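Here are my notes for a first look at this model. Please read them beside the sequence and the 3D view.

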Amino acid sequence: MEIIRLIDKPEAIGQVATWYHEEWGHLGPNRSQAELTHTLSQYLQLAGLPQLWLALHNNVPVGAIQLRYQENPQYPADSVWLGGIYVSPSYRGLGIAKALIAVAEQYALAFDADSLYLQTEAKNLALYHSLGWQLVATLPYSDLLVSVMRKSLERENHDTRN
């Protein structure tokens, strides 16, 4: 498996938009295939936020993750969020989501974020708890209740002084 940024494989936008529409399209009016495709085009940048990474198997996209600002309007505009974490059903359970999350966390550290947020459905809580995320709120979102989670990012101490 290889993880690359969307800008390195822009032709995958259509596939990612299809995944997102099928998984979350029912959650609001801005989730049509066309709207998602348009939104994902904003992720085609070399640096900064938003960013999107793809997990590839034999050069075929099998998963995606986003890093962006303020997914939930109840949080500060400059808060950094993981979102759009998706793994194709036939590839689930293979550690792809964990690998994607690790890449996004490393980028966030390089971007000087000290913590990350995400919102998820209850069925995904165990995965995030296993990776050090803490539940901070349960909020209504469209026709769902979502769990908002936070993870403090720790920088490795490279200080060689005793």
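1. Helices (H or I, at least four residues) and strands (E, at least two) are DSSP runs, numbered from the N terminus.

2. This is a predicted model, in which local features need pLDDT of at least 70 and side-chain atom pairs count only at pLDDT 80 or more, while totals for chains, interfaces and linings use all residues. Residues are numbered from 1 along each chain as its sequence is written, and side-chain values use heavy atoms, with hydrogens and water left out.

3. Which residues of H1 and H2 meet? From H1 come Ile 13, Gly 14, Val 16, Ala 17, Thr 18, Tyr 20 and His 21. From H2 come Gln 33, Leu 36, Thr 37 and Leu 40. Contact means heavy atoms within 4.5 Å. The residues of this contact divide into 6 nonpolar, 5 polar and no charged. Here Ala, Val, Leu, Ile, Met, Phe, Trp, Tyr, Cys and Pro count as nonpolar, Asp, Glu, Lys and Arg as charged, and the others, Gly among them, as polar.

4. Now the rings. The structure holds 10 aromatic pairs. Tyr 107 and Phe 111 are stacked, because their ring centres are 6.2 Å apart and their planes lie at 15 degrees. Rings of Phe, Tyr and Trp (its six-membered ring) pair if their centres lie within 6.5 Å; planes under 30 degrees apart count as stacked, over 60 as edge-to-face and the rest as tilted. Ring pairs also link Trp 19, Tyr 20, Trp 24 and Tyr 86 into a cluster.

5. Is Ser 147 buried or exposed? Ser 147 is buried, at 7% relative accessibility. Buried means under 20% relative accessible area, exposed over 50%, partly exposed in between (1.4 Å probe, protein chains only). Ser 147 sits in strand E7, residues 144–152. Beyond four places in sequence, its contacts include Leu 118, Leu 125 and Ala 137.

6. Gln 134 belongs to strand E6, residues 134–141. Gln 134 is partly exposed, with a relative accessible area of 49%. Not counting residues up to four places away in sequence, Gln 134 touches Val 148, Met 149 and Arg 150.
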